[in-house]
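Subject: Structure handover

Hello,

Here is the structure for your set. Please look it over first; my notes follow below.

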Amino acid sequence: PDYVAAVENFFGVPGVAKKRFAACERLSRGANKMNPLFITNETIERLTKLNEVDIGLYKELTNCWGGDKGKNYGFPKFDPARFDDVLVRVPYHRYDQWKAEQKGKKP
């Protein structure tokens, strides 16, 4: 929850963690009932080993956060003003005029 809140804050998009329903959810559930997934023991063993690798990587990456398990991790925040000096805003209806002006300028 803290990480999701940080991501929402960074990108300025609230509601990332809010549960949504896919348009095809009912159809896919019906298809799953008609054709249940069959998983072999070999597949389960392989997935378990791969999951162990993922867990190890997660522990290694989060170990640098200290004893609080990342609760006080300084997740970066997006600063909309960061690119104010380099952003060129061109009104869509004047794009051709702007493009012609840019061609006429020589560095």
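From the N terminus on, the elements run α-α-α-α. That comes to 4 helices and 0 strands. Helices (H or I, at least four residues) and strands (E, at least two) are DSSP runs, numbered from the N terminus.

Some ground rules. This is a predicted model, in which local features need pLDDT of at least 70, side-chain atom pairs count only at pLDDT 80 or more, and totals for chains, interfaces and linings use all residues. Residues are numbered from 1 along each chain as its sequence is written, and side-chain values use heavy atoms, with hydrogens and water left out.

Confidence
The chain has a mean pLDDT (the predictor's confidence in each residue, from 0 to 100) of 77. Of its residues, 73% reach 70 or more. Among the elements, H2 has the highest mean pLDDT, 89. H1 has the lowest, 76.

Surface and burial
The chain has 107 residues, and 6% of them are buried. Buried means under 20% relative accessible area, exposed over 50%, and partly exposed in between (1.4 Å probe, protein chains only). The accessible surface is about 10,700 Å². Carbon and sulfur atoms hold 58% of that surface. Areas come from the Shrake-Rupley method with a 1.4 Å probe; for residues, only the protein chains shown count as cover.

The buried residues of H1 are Ala-6, Val-7 and Glu-8. Val-4 also lies in H1. Val-4 counts as partly exposed because its relative accessibility is 25%. Val-4 touches Val-16 and Ala-17, leaving aside residues up to four places away in sequence. Contact means heavy atoms within 4.5 Å. Val-4 and Ala-17 are 13 residues apart in sequence, yet 6.6 Å apart in space, C-alpha to C-alpha.

Val-16 sits in the loop between H1 (2–11) and H2 (25–34). Its relative accessibility is 44%, so Val-16 is partly exposed. Val-16 forms a nonpolar surface patch with Phe-11 and Val-13, with about 290 Å² of accessible area together. Patches take residues with over 30% relative accessible area and no salt bridge; like charges are joined within 9 Å, nonpolar side chains (Val, Leu, Ile, Met, Phe, Trp, Tyr) within 5 Å.

Gly-12 and Pro-80
Just after H1, Gly-12 takes a positive phi of about 70°. Pro-80 lies 68 residues from Gly-12 in sequence and 9.8 Å away in space, C-alpha to C-alpha. Pro-80 belongs to the loop between H3 (41–62) and H4 (95–104). With a relative accessible area of 57%, Pro-80 is exposed.

Salt bridge
How many salt bridges does a search of the whole structure find? The count is 1. Here a side-chain nitrogen of Lys or Arg must be within 4 Å of a carboxyl oxygen of Asp or Glu. Glu-25 and Arg-29 form the bridge, at 2.6 Å, N to O. Both lie in H2, 4 residues apart, about one turn of the helix. An α-helix has 3.6 residues a turn, so residues three or four places apart point the same way.

Best regards
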